[in-house]
Amino acid sequence: PLHVDRIIFLDSDIVVRADIRELWEMDMEGHAYGFVPFCRGTYDDPVTHRPIPRANNATIGYRFWESGFWKSHLGDTPYHISALFVVDLVEFRRQSLGDTLRSTYQGLGRGEDSLSNLDQDLPNYVQMNEPIFSLPQEWLWCESWCSDEVKPLAKAIDLCQNPQTKEPKMEMAKRVIAEWEAHDAFRESVVGAGDGVSQKQEL
């Protein structure tokens with residue numbers, strides 16, 4: 001709808017730990033959309049003053065965007081993940097970015113491996129001409145790609161699949177997210193209450 005100025009997309013396997021209003025009100029400096037870069041670079045610890053690597057060293061070899069086509073295409077420009085993103089619809093419409101993305105996709109090869117992760121590959125592919133606003137890395141922590149040292153900074157945790165272990169997400173959630181059990185218990189209470197209402201209505 002034209003009266004909607006901004007949207008925030010969240011994957012269903014994300015747990016948000018901070019006030020998402022920060023993203024809603026964030027100044028994206030004229031960019032049509034903002035995504036979080038895959039964990040990269042370092043974080044300067046304010047106590048020890050030492051740089052802490054953001055990337056998970058155990059999965060360095062699986063970081064497909066740091067070699068081959070993507071490394072050649074992007075150079076030092078970061079590859080962004082689509083598990084969480086913000087779209088400024090005013091700018092998106094003004095720049096006719098939907099038309100750009102559509103025409104770019106239609107002009108690509110039809111092979112099954114062509115931009116296989118389309119939801120994030122396409123905006124990353126065109127970002128040399130249609131720049132992505134890089135959201136703060138704290139807004140998406142994923143154990144597969146991010147170091148444990150920066151987990152306390154996480155404002156949102158994504159249960160993205162670990163390429164080494166293929167661990168089921170429910171098991172991962174219980175292990176990785178301290179508050180998961182409480183969230184799950186609340187969900188069960190809501191679902192149970194709803195079932196009770198339905199049963200009473202049927203009677």
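**Rings and a loop**

Mentor: Let's start with Phe 38, which is buried at a relative accessible area of 6% (buried means under 20%, exposed over 50% and partly exposed in between, with a 1.4 Å probe and protein chains only).
Trainee: Thanks! Before we go on, what kind of model is this?
Mentor: This is a predicted model, where local features need pLDDT of at least 70, side-chain atom pairs count only at pLDDT 80 or more, and totals for chains, interfaces and linings use all residues. Residues are numbered from 1 along each chain as its sequence is written, and side-chain values use heavy atoms, with hydrogens and water left out.
Trainee: Got it. How many aromatic pairs does the structure hold?
Mentor: There are 14 aromatic pairs. Rings of Phe, Tyr and Trp (its six-membered ring) pair if their centres lie within 6.5 Å; planes under 30 degrees apart count as stacked, over 60 as edge-to-face and the rest as tilted.
Trainee: And which pair does Phe 38 form with Trp 65, stacked or edge-to-face?
Mentor: Phe 38 and Trp 65 are stacked, 4.0 Å centre to centre with 10 degrees between the planes. The pair links distant parts of the chain, 27 residues apart: Phe 38 is in the loop between strand E3 (33-37) and strand E4 (42-44), and Trp 65 is in the loop between E5 and H2. Helices (H or I, at least four residues) and strands (E, at least two) are DSSP runs, numbered from the N terminus.
Trainee: Is Trp 65 buried or exposed?
Mentor: Trp 65 counts as buried, because its relative accessibility is 7%. Trp 65 also pairs with Trp 145, this time edge-to-face, at 5.2 Å centre to centre and 75 degrees between the planes.
Trainee: Where does Trp 145 lie?
Mentor: In the loop between strand E7 (133-134) and strand E8 (156-158), so its pair with Trp 65 ties together parts that are 80 residues apart in sequence. Trp 145 is buried too, at 9% relative accessibility.
Trainee: Switching topic, what does Asn 56 touch?
Mentor: Leaving out residues up to four places away in sequence, Asn 56 touches Glu 143, Ser 144, Trp 145, Cys 146 and Ser 147 (contact means heavy atoms within 4.5 Å). Asn 56 sits in the loop between strand E5 (51-53) and helix H2 (68-74), and counts as buried because its relative accessibility is 17%.
Trainee: Last one: how exposed is Arg 21?
Mentor: Arg 21, in helix H1 (residues 21-25), is partly exposed, with a relative accessible area of 49%.
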